[in-house]
Each structure stands twice: as C-alpha cells, then as structure tokens.
Amino acid sequence: MRIVIVGGGVMGCATALELARRGVRDIIVLERAVPGAEASSAAAGILAAQIESRDEEELARFVVARDAYGDWATSLREATGIDIAHRRSGVLSIARTPAELEAAQHDVALQQARGLRAEIVDGAHARTIERELCDGIAGAAYYPDEAQVDPPQLLRALVVAATNAGVVMRGGTTVATLLTEGGRCVGVSLAPKEITRADAVILAAGSWSSLVPGVPDDMPRVRPIRGQLVMLEERPPRASTILFEGHSYVVPRGDGRVICGSTMEDVGHRREVTAAGVQSILGAAIALMPRLGEAELVRSWCNFRPSVAGAPLVGASPLPGLFLATGHHRNGILLAKVTADAVADAIMGARPPS
Ligand SMILES: Cc1cc2nc3c(=O)[nH]c(=O)nc-3n(C[C@H](O)[C@H](O)[C@H](O)COP(=O)(O)OP(=O)(O)OC[C@H]3O[C@@H](n4cnc5c(N)ncnc54)[C@H](O)[C@@H]3O)c2cc1C
C-alpha cells in the first residue's frame, strides 16, 4: 500500500509517522521546501486547550489533544533523543476590567463543571503565580494544566522519527496536481513530468491546501491568516507562566527565550513582518510584563494559519482516495497527534496495511 502525503508540516509528518508505526511500509512525504518550513515551525507552541476552545465539543476534543502530548513527547524522545520541550507551564488569562473578570468567571465556572482545573485569582495571587506580571489588573483566570512545546524541536523529532521508521521525505518537491481517474484520486503529478501513483493521497499543504490543482471544488476553502511573532531573550530568565490577553500572548520558554504574539491578518500569503505588527505585539507584551522592555529583541517572523470556516478538515474527502489533514488555524500544534490518529484510522479503516 503506497501513501503519498502532500506537505511536510506538522500534519504531514505526524500522519506519516503514525501510519509507519501502524505498519504501512510505503509512505512518501512530498514537500516543496524542507519539512517544517512553514507554519509548523513558526508557531508559538501553546497547547491552549481550555483557552482556545469556543464550545463544549471543542473543549472536550482540545483537552484530549493536549493531554495526549505527555506520552507523545516521551515516545518521540525515546525514538530520536530529541526533547520537544513539553512543559505544563500553565496560563494566566488576564482581566483588566470588572466586565472582563465577570466573563472570565463564567468561563471558569463552565470548565470547573466539566471537571477541569481552572480558578479565578486576584491580582496579588496572580503575581505569586507569575512574579513578572504587571500591576493594576482586575484579576485573572488561571489554567494550571495548559502547556507548551517548542515547535521547531517537534518538527525535527517528527522528521527523524518518521525517517527512522522508513518514511521517505522528499524536500524540494512541489506537487503540481492531484491525479484523478474514474472519479478517484490515484496519485499526484510533480513538476515537470513525474507521476507518483498511490493507494491514498493525504492533503496536508496547510494554508496552500486549496491552491493545489485538482482539489475538489466542493471542499471548504482553506485561507491563510497571517500571524507575526517576536522573540525576546531575558538574561537571566525570570518569567515562567504563559500570559494571555485577547489575541496577545507571552510564552516564556523557561530558558530566557520569550515568544510574544500575535497578529491575525487577512492579507493573503504576503510574507512581511510589519512595523505596526511588531509595535502592537511588543506593546501588549510589555504591558503584561513590564520588565520585558529590558529584554533583547532576538528576531521576528511571520507565517500563515490554515483557516477554514468551521472545524478542521480531517479524514475522508468528497473525492475517494483523497484524505485531508488541514485547516487547523490557530491550533495545529495542539491538534497534531489526534489528527494523525484520526487520518490513520480513516485510511486503515478503508484498507488493511501491507
Ligand atoms: C504565528 C503563528 C502562531 C501559531 N501558534 C500556535 C500555537 O501556539 N499553538 C498551536 O497549536 N498552533 C499554532 N499555530 C497554528 C499552527 O502553526 C498551524 O495550524 C499548523 O502548523 C498547520 O500545520 P500544517 O502542517 O497544516 O501546515 P504547514 O506547517 O504550513 O505545512 C504545510 C506544508 O505544505 C507544503 N506545501 C504547500 N503546497 C505544497 C505543494 N503543492 N507541494 C508540496 N508541498 C506543499 C508547504 O511548503 C508546507 O511546508 C500558529 C500559527 C502561526 C502562523
């Protein structure tokens, strides 16, 4: 059984590894640049299940995804020696005003009713959790089980583990079109004239997924939403807890690096870090942690969240032979392992391994 995967981001690599671990022998990941070149290595790496979920169904799914990471990190370290820096660093979601605190109380009560750890803390208590937090807040919601990983390390570990398990990673290889015969996807063609036939094709091309020629018209469109990030370095490291305020966040890695984000911009695939983007990110970060004003600005970058209206596109597609692992928007790192499992289930349910 040959499986071809279009795109070597976290979705393509995690799904390839999962299929290899289940005994599939002939798996090829086709990546136009290098594996992990795009959103997956650019992400902040927050596993924000409780903060990011928009309804109860999503909350349940996201918490399962977050809690799967501990075992996954261990198995990746055992297979590769690479530490993906999985840490349960907790999140403080800041409320500046009484109205924001009331909304936070509502969220916390809902999550406590679902048996999840969450509590409302006042400003003084919040500063015992994160001593670098600013003064003058109304309070915060504290989610001690929220976690983080280091995305570039995750991608390195996935590529090494998948390669060791027999997956062929072909970088510098652009898929020119999906091949369809008799109403079924039967492979892909590569520029200039090479054809690779497959029993199943997995579309994992991130925010470029809808641009791959041959993708069914009735598949929901995946659109890029640009996000910019800034990395600071504080010496010595002081901050330890992830802070959230609206779409702004501060993610201390624990070793002095602090990732500050982010913007949400509907500007197509314009690969630009902008003055206004960096200004808004740093303004929010320094307002949350005033001492970050003294930290070194190490670098800034941007990339594109693969965004769809509604839930991510995972599993069988309208075109037989084509499976989907895309459209994870702000939460693709969080959802990588559970997506790989679901796509492998969908493919193995369709055919036994060989
Ligand atoms: C600024 C920012 C911060 C983020 N922070 C977080 C976070 O804290 N937590 C979280 O869970 N998620 C976060 N995300 C979201 C997460 O990064 C994405 O949802 C996830 O990485 C998407 O993975 P992917 O594999 O679908 O896409 P990508 O990583 O973009 O991979 C797609 C790959 O397909 C390749 N490709 C495209 N077209 C072709 C073709 N025709 N042929 C061959 N290859 C092709 C591309 O080169 C690319 O490498 C963030 C995203 C951004 C931009």
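This is a predicted model: local features need pLDDT of at least 70, side-chain atom pairs count only at pLDDT 80 or more; totals for chains, interfaces and linings use all residues.
Which backbone atom sits 2.9 Å from an oxygen atom of the ligand? I started my notebook with that one. It is a polar backbone atom of Ile46.

**Entry 1: around the ligand**

I looked up who surrounds the ligand and got 38 residues. Next I checked Arg32. An N or O atom in the Arg32 side chain is 3.0 Å from an oxygen atom of the ligand. Then I went to Val175, where a polar backbone atom lies 2.9 Å from a nitrogen atom of the ligand.

**Entry 2: H4 against H7**

I moved on to the helices. Helix H4 runs over residues 56-80 and helix H7 over residues 151-164. Their axes are 9 Å apart, and the packing angle is about 60°. That makes H4 oblique to H7. I also noted the hand of the crossing: H4 passes H7 left-handed.

Which residues of H4 meet H7? I found Tyr69, Trp72, Leu76, Ala79 and Thr80 on the H4 side. Across from them, H7 brings Leu154, Ala157, Leu158, Val160, Ala161 and Asn164. Sorted by class, this contact has nine nonpolar residues, two polar ones and no charged ones.

**Entry 3: H1 against H4**

Helix H1 covers residues 10-21. How do H1 and H4 cross? Their axes come within 14 Å, at roughly 75°. H1 and H4 are therefore roughly perpendicular to each other. From H1, the contact uses Ala14, Leu17 and Arg21. From H4, I wrote down Trp72, Ser75, Leu76 and Ala79. The class count here is five nonpolar, one polar and one charged.

**Entry 4: H1 against H7**

To finish the trio I looked at H1 with H7. These two pack at about 35°, with axes 9 Å apart. H1 passes H7 in a left-handed crossing. In H1 I found Val10, Cys13, Ala14 and Leu17 at the contact. They meet Leu154, Leu155, Leu158, Val159, Ala161 and Ala162 in H7. What classes do these residues fall into? I counted 10 nonpolar, no polar and no charged.

Last, I went through the loops. Pro236 lies in the loop between strand S13 (223-233) and strand S14 (242-245).

I found a cis bond from Gly261 to Ser262 too, and its omega is near -25°. Ser262 belongs to the loop between strand S16 (257-261) and helix H8 (275-288).

Phi of Ala85 is near 60°, a positive value in a residue other than glycine. Ala85 is in the loop that runs between H4 and strand S4 (91-95).

Terms used
Residues are numbered from 1 along each chain as its sequence is written. Side-chain values use heavy atoms; hydrogens and water are left out. Axes are lines fitted to C-alpha atoms, for helices over the stretch in contact, and angles run from 0 to 180 degrees between N-to-C directions. Helices (H or I, at least four residues) and strands (E, at least two) are DSSP runs, numbered from the N terminus. Angles under 35 degrees count as roughly parallel, over 145 as roughly antiparallel, 65 to 115 as roughly perpendicular and the rest as oblique. A crossing is left-handed if the near helix is turned anticlockwise from the far one by less than a right angle, and right-handed if clockwise. Contact means heavy atoms within 4.5 Å. Ala, Val, Leu, Ile, Met, Phe, Trp, Tyr, Cys and Pro count as nonpolar, Asp, Glu, Lys and Arg as charged, and the others, Gly among them, as polar. A residue is near a molecule or strand if one of its heavy atoms lies within 4 Å of it. A polar contact is a pair of N or O atoms within 3.5 Å; within protein, one must be able to donate a hydrogen and the other to accept it, and residues adjacent in sequence count only if both atoms are side-chain atoms.
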